[in-house]
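Here are some notes to read with the picture open beside you. Take the points one at a time, and look up each residue as you reach it.

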2 protein chains.
Amino acid sequence: MEPVPELACPIAPVVDLVFSRWTTPILWTLHEYGRQRFVELERRIGTITPKVLTQRLRQMERDGLVTRTYHPEVPPRVEYEISELGRSLAPIFHQLAEWSKHNLADVEKARQRYDR
Amino acid sequence: MEPVPELACPIAPVVDLVFSRWTTPILWTLHEYGRQRFVELERRIGTITPKVLTQRLRQMERDGLVTRTYHPEVPPRVEYEISELGRSLAPIFHQLAEWSKHNLADVEKARQRYDR
DNA sequence: GTTAGTAGGTACCTAGAGGAAAGTGACTAT
DNA sequence: ATAGTCACTTTCCTCTAGGTACCTACTAAC
């Protein structure tokens, strides 16, 4: 039983990448509504602040999950789109939604049982 | 384009449930090595503190992802095991590992391209 | 002249998650 | 008498993600 670092969990890197805060709502919105501008994203997600949205979009752009297109007009126009790499996560999201549909009620039941 | 709360993302609840901090290493260890005691988990994960391990295990027990069996001996013995519900996440974890295998290198390339 | 719109950037602040370290209780082994 | 085991618990502390609020440059419209 050798002491093993956290990274022994082989999915730790991808969890950090895909499931850090705000990334799934952003990815989902981009996937659902297609290419869109900063303010559209902001309004659709609703509770995110522009500062955090910028931070997350920058990181996701760096990771290759989204692409950013800047149009040097006045007022400036920037469009965000989900990349091929980002799109390749779709089956995982789908499977998560399926799991949710089938098992989230069981989680709720377990919680109520535990709280008694 | 009505303002939509964060929960418009249909997988947000399951992300909170399954991918909050330490849950995947714990679930993975339980899945890999089977039923085991508190200290075994602690040593295998390596970098987690007992306080946090207790917190996370309690929460996962409440959510029905793990089961806890207490043996009132001296010294006390407690065994943790992954539940049926927890085991039902296995395909998702598998798919994440597959995605990781095929696409994590692309992420690394995207990062290097971005940093130039 | 001033308001609105756009895509952010910057400075400051706070709450809360998580880490470090020590303690606990009941017993055993040396 | 002392040390060790186990499964935590408690206290204290730090760090940082995220929030608030304000600022930028530029133009069109009123």
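How much area is buried between chain A and chain B, and what share of that area do carbon and sulfur atoms give?

1. Let us begin with that question, keeping in mind that this is a predicted model. About 4,700 Å² is buried between chain A and chain B, and carbon and sulfur atoms give 69% of that area.

2. Four salt bridges are counted between chain A and chain B. One pair to find on your screen is B:Asp63 with A:Arg111, a salt bridge whose closest N and O atoms are 2.7 Å apart. Across the interface of the two chains, eight residue pairs are in polar contact.

3. Now for the symmetry, which is worth checking by turning the model. In general, two copies of a chain are related by a rotation about an axis and a shift along it. Here, chain A is superposed on chain B by a rotation of 180° with 0.0 Å of shift along its axis, and the RMSD is 0.0 Å. The two copies are thus related as by a two-fold rotation axis. There is a matching result at the interface: 98% of the interface residues of chain A are also interface residues in chain B, so the copies meet through the same surface.

4. Let us move to the DNA. Around DNA strand D there are 18 residues, and A:Arg21, A:Lys51, B:Arg68, B:Pro76 and B:Tyr80 come nearest. Of the atoms of DNA strand D that come within 4 Å of the protein, 65% belong to sugar and phosphate. B:Val78 uses a backbone N or O atom instead, 3.0 Å from a phosphate oxygen of DNA strand D.

5. Helix 4 (50-62) of chain A supplies at least two residues of the surface near DNA strand D, as do helix 3 (38-45), helix 4 (50-62) and strand 3 (77-82) of chain B. Helix 4 of chain B has the largest share, four residues. By class, this surface has nine nonpolar, two polar and seven charged residues.

6. DNA strand C is surrounded by 18 residues, the closest being A:Arg37, A:Thr54, A:Arg68, A:Tyr80 and B:Lys51. Sugar and phosphate make up 76% of the atoms of DNA strand C that come within 4 Å of the protein. Two or more residues of the surface near DNA strand C come from each of helix 3, helix 4 and strand 3 (77-82) of chain A and helix 4 of chain B.

7. Over all chains, 19 salt bridges are found. Among them is the pair A:Arg35 and A:Glu81, at 3.0 Å from N to O. A:Arg35 lies in the loop between helix 2 and strand 1 (36-37) of chain A and A:Glu81 in strand 3 of chain A, so this pair ties together parts that are 46 residues apart in sequence.

8. Finally, two backbone details. Most residues other than glycine have a negative phi, and most peptide bonds are trans. A:Trp22, in the loop between helix 1 and helix 2 of chain A, has a positive phi of about 75° although it is not a glycine. The peptide bond from B:Val74 to B:Pro75 is cis, with omega near -5°, and B:Pro75 sits in the loop between strand 2 (66-71) and strand 3 of chain B.

Notes: Residues numbered from 1 in each chain as written. Chains lettered and ligands numbered in written order. Predicted model: local features only at pLDDT ≥ 70, side-chain atom pairs only at ≥ 80, totals over all residues. Heavy atoms only, no water. Near = heavy atom within 4 Å. Polar contact = N/O pair within 3.5 Å; in protein donor to acceptor, adjacent residues only side chain to side chain. Nonpolar A, V, L, I, M, F, W, Y, C, P; charged D, E, K, R; others polar. Buried area = accessible area lost by both parts, 1.4 Å probe. Salt bridge = Lys/Arg side-chain N within 4 Å of Asp/Glu carboxyl O. Least-squares fit on C-alpha atoms with pLDDT ≥ 70 in both. Contact = heavy atoms within 4.5 Å.
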